[in-house]
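Welcome, and please load the model in your viewer. We will go from stop to stop, with something to select at each one.

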Amino acid sequence: MTAISQLPDNASGATPSACPEPRFRKPRLNPVEASDYLAAVYGTPVAVATLAKWRCIKSDGPPFERFGRSIFYRRLALDEWASARLGQPLRSTSEGGNA
């Protein structure tokens with residue numbers, strides 16, 4: 001079963017409009033769920049360990065929240081972060097400046 005029936009329209013920066021599977025319907029996701037969500041919805045596998053590393057080194061990873069010792073990612077923040085990182089579709093590798 002796929003996470004959603006329609007992938008996000010990254011050209012317009014829109015977030016997914018279809019209903020995600022039940023475990024992704026919560027407003028906040030734990031790191032395992034966040035990793036699975038990014039892979040299922042955006043096709044960008046981000047390991048749980050990578051999310052942990054980004055939290056420790058204050059990189060450009062997705063914003064997170066703490067509740068005591070627990071870590072949570074807002075689903076909306078994950079959508080915004082992934083859309084910003086994906087950028088605009090390109091027609092050639094010579095476009096965009098990043099290889």
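Which residues in the largest nonpolar core touch the most other members? Select Ala34, Tyr37, Leu38, Tyr42, Leu51, Tyr73 and Leu78: of the 15 residues in that core, these touch the most other members. A nonpolar core here is a set of buried Ala, Val, Leu, Ile, Met, Phe, Trp, Tyr and Cys residues joined through side-chain atoms within 4.5 Å. Helix H1 (31–42), helix H2 (48–57), strand E3 and helix H3 (75–86) each supply at least two residues of this core, and H1 gives the most, with 5 residues.

Before moving on, a word about what you are viewing. This is a predicted model, in which local features need pLDDT of at least 70 and side-chain atom pairs count only at pLDDT 80 or more, while totals for chains, interfaces and linings use all residues. Residues are numbered from 1 along each chain as its sequence is written, and side-chain values use heavy atoms, with hydrogens and water left out.

Now colour by secondary structure. Helices (H or I, at least four residues) and strands (E, at least two) are DSSP runs, numbered from the N terminus.

Next, select the strands. They form an open antiparallel sheet in the order E1-E3-E2; two strands pair if DSSP finds at least two bridges between them. At the edges are E1 (28–29) and E2 (65–67), each pairing on one side only. E1 and E3 (residues 70–74) are joined over 2 bridges, and Leu29 has Tyr73 as its bridge partner in E3.

What kind of aromatic pair do Phe64 and Tyr73 form? The pair is tilted, at 6.3 Å centre to centre and 55° between the planes. Rings of Phe, Tyr and Trp (its six-membered ring) pair if their centres lie within 6.5 Å; planes under 30 degrees apart count as stacked, over 60 as edge-to-face and the rest as tilted. Tyr73 is buried at 0% relative accessibility, whereas Phe64 is partly exposed at 33%. Buried means under 20% relative accessible area, exposed over 50%, partly exposed in between (1.4 Å probe, protein chains only).

For a last stop, select Leu78. Not counting residues up to four places away in sequence, Leu78 touches Leu29, Ala34, Tyr37, Leu38, Pro62 and Tyr73, where contact means heavy atoms within 4.5 Å.
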